[in-house]
Structure formats: C-alpha cells, structure tokens
Amino acid sequence: MPKFDMDQEKATIITWSKKEGDFIKFDETVLTVETEKVAIDVPAPATGTLARILFKDGDVVPVTKVIAYILKEGETLADLPSMADVPSPLPKPAAAPVPQTVNAASAASILATPVALRMAKEEGVDLSKVSATGERITREDVERFLASKKPVGRVTVAATPAARRVARESGIALETVAGSGPRGRVQSADVSEMAKPIPAPVIHEREAEVIPLTGIRRTIAERMQQSFQESPHIALTVDVDMTEAENVRKRFNAQAEKLGQPRVTLTALIIKVVAWTLVRNPYLNASFNGDSISLWKDVNIGVATAAPQGLIVPVLKSGDKLGVSEINLRLTELTDRARDNKLKLEDVHGGTFTISNLGMFGIRQFRAVINPPESAILAVGSIVRTPMVVDENDRIEVRPVLSLTLSADHRVIDGIVAARFLSDLVTGLESPSMLLY
C-alpha cells in the first residue's frame, strides 16, 4: 500500500481495476484507494502479470503492506511467498446496516462489494434496483445508477462519499464547492470549510443628531408625500426674456422710493402676472376632489417661504384684484410675520396656486412638488444674462433670462392646458405694461 503523504497510516481499497491473471503495464492504474483526505488511483510499479491479490475491495490496509504481486516475465506462482506470510487487513469498520429503503428479504440475496454497500447506505440507494455488470454489484454499478437518477443536463460533481454525506447534512450543493482533491474531486474538508458560518460584519454606530419629526416638519413631510403619491405630476419649462419686466420694476422702485415704501421685489411682480394668467386659465386655479374638480373664483397665491420652523406658505388673497405695489406691501408683511413665527391661521389657508422662488440662491431651474389640494405650482429660478436672438433679422443681444417650471396635476390639467398657461405667463412677463397700466 503506497504512502501518499507524511501523515498517512492506512488506506481503504475502493476497487481493483484489474483482476488476478491480467497483464499490466508499468504506471497503468491497477486500483483506487482512499485515504482520510483523497481518493487516489494507484499505478502499477512494474510491468507483468497481476498475481495473488491479498486484499479485496473495502479492506483497510496499513501503508507499506504488500497488497498484491506482479510476476515478471519468467516468474510463476511458485516464486511467491507462502500464504502464511501474508498479513491480515486491519479490522473493518462496523458493518453498514442495510438502508431501510432496501427490502430485507431481497437484500439478503443481493451480492455487492463492501464499497457498493457503503455507497448505497450513504446515498440511500435500494440495491435491489441496481443492475450488476458482473457477479456482484460494484461501486461503478451504484454510481451509474445514481447518474441515471440525476436530472438531465445536471453536472455530476466528483466527490468522495464523505464529502457527499457532509454536503447532504449541511444542506450545501456540491456544485458550489471547489474541490481540492485529485482532478478537482471534492473532499469532506472542502465542504466543511464552506459550511463554516460567515462572521457577521461589524457595524459601527454612526453619530448623528436625531430631530423628532413633529409640528410643521411632520405636516410638510406628510403633505409632500401625499402629493407625490397621489398626484401624477407633469412638468413644463420655459425661458422668459425679463428685459421689460426689469424696466417696469425699476419704474415701480423709483416711485416706491419717493413714497418711502419698500422696493418692489421680483416675486411681487411675478405674483401680479401669475394672477392675471390664472384668471385666463382657470384649470390652473383649481383643486381635484376625487370625483370632481373645483375651479376657484378667488385667486389666492401662496408663496413658499423659508421660516425658522420650516417651509411655510403664507397666502396672498385676491392677487388678481391688487396692484403690484399693494401686492408688494402685503407680501412683505406676510413674509416678515412668517419669519417671526407670527402668522395667523387665516394667513396660510385658502391658497389656490403656489409660487416657489429659489432664484435668490442661484438655482437656475428646478421642479417643485404641488401643494395639495392645489392643481399646480410654479418654480422660479434665477435670472441669468444670456445671449438670445431678439428680432427677425437674427440679431443677438444679451438679455436677462428667467427660467420657469410649472408642475401640474395631470388628473386636472392636460399638457396643452399647462402649455397655454405658460405661454400666457411669458406674454405677461415680457410685456407687463399691457396688464399693469
């Protein structure tokens, strides 16, 4: 019995590939043995006739023990040692009981090698259903039977019986295990290694300041989530030449300075034009009620304002009936009270349309979330001086250009309705004199 590694003390004969009387060549596989680690094909150490096989399949044999003889040319059986000198195999492991799936009556009449019996036990094979190719059922017969039971197209994994048992007990698919044995054969150690639990990753606690979601912050979160979940938003963007609007605002500011009033803001001017546009496009001044749509007679424009307690939307009532200066005064008062947390309930109720302006922060363009139950919101970006064609002769001038994005509830507002609103709004902002004087 060859010694294959330093720690090996014995090996089990799995099967003989040759029988007594066969002529064998040097290095030709004669038998297969299994150590505690691997199954190995044993090559012939010489050329000649195989004679007197001393240990049969399933025997456990100490290393260095003679297991058979090879008669060289001219030698006979008389040249072999007497049988009294033949050593005995190591005590066999306890006999494997016949699997319960095997009929006891028929099992007694089944002739099978010890290896075949062991494989049948480990694989749960009823040997009465296995056809023998010789006088008794061999390991090859059991393997052939197992292969016939595998699904078509399934890859057969080379593995030791012990590896198959460990895999079965651990619930690991052998196909997923990289074999370390000869020609990649999976060993029990390979399966055991894979069965080891993976250490849980170490999760370090992260430091953070946790702010409870209460009051206005909770209200904002709930309303915005409701809006985005329930309202199918569509968004359209236009650029507006603000040259005339800026000229008009300069004239208003000159007048305000004489009267000692606050300077007219861009937001106040936009509110006036938006109110004028909403009167002409009532579906933008509406609410969706589930089974009906309310077209509001009032034009009450909310202005999203950043306050210490969070985003708040004070509402400027009847914007369509007010002049720019009056809008500017009321808006200034509302935003001041919002920042001082002094708004009353009526200051934030009754809105029909909302404007959100982030232009003062340099935001060029953005989409805003509709403030329910309103049907639309206008996002106002920053004014950017931009080269643009200003007449039919393709003359180019640098003009102040404002980007506006309308978000609309598609349940109420069709795309063409939203586009018409923006077209009117652009007209109003690019020619404000026609609605202001």
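**View 1. Helices α8 and α10 pack at an angle of about 140°.** Helix α8 covers residues 266–280 and helix α10 residues 415–430, with axes 9 Å apart. Axes are lines fitted to C-alpha atoms over the stretch in contact, and angles run from 0 to 180 degrees between N-to-C directions. That makes α8 oblique to α10 (under 35 degrees is roughly parallel, over 145 roughly antiparallel, 65 to 115 roughly perpendicular, the rest oblique). Residues of α8 including V273, W276 and L278 meet a set in α10 that includes F421, L425 and L429; contact means heavy atoms within 4.5 Å.

The model is predicted: local features need pLDDT of at least 70, side-chain atom pairs 80 or more, while totals for chains, interfaces and linings use all residues. Numbering runs from 1 along each chain as its sequence is written, and side-chain values use heavy atoms, without hydrogens or water.

**View 2. D347 sits in the loop between α9 (324–339) and β15 (353–357).** D347 is buried, at 10% relative accessible area (buried is under 20%, with a 1.4 Å probe and protein chains only). Its side chain makes a polar contact with the side chain of R337 at 2.6 Å (N or O atoms within 3.5 Å, one able to donate a hydrogen and the other to accept it; residues adjacent in sequence count only if both atoms are side-chain atoms). The backbone nitrogen of K344 lies 2.8 Å from a polar atom of the D347 side chain.

**View 3. Three strands form an open antiparallel sheet, ordered β2-β5-β7.** β2 (23–24) and β7 (69–71) stand at the edges, each with a single partner strand. β5 (residues 48–51) pairs with β7 over three bridges; pairing needs at least two DSSP bridges. L50 has I70 in β7 as its bridge partner.

Technical notes:
Helices (H or I, at least four residues) and strands (E, at least two) are DSSP runs, numbered from the N terminus. Buried means under 20% relative accessible area, exposed over 50%, partly exposed in between (1.4 Å probe, protein chains only).
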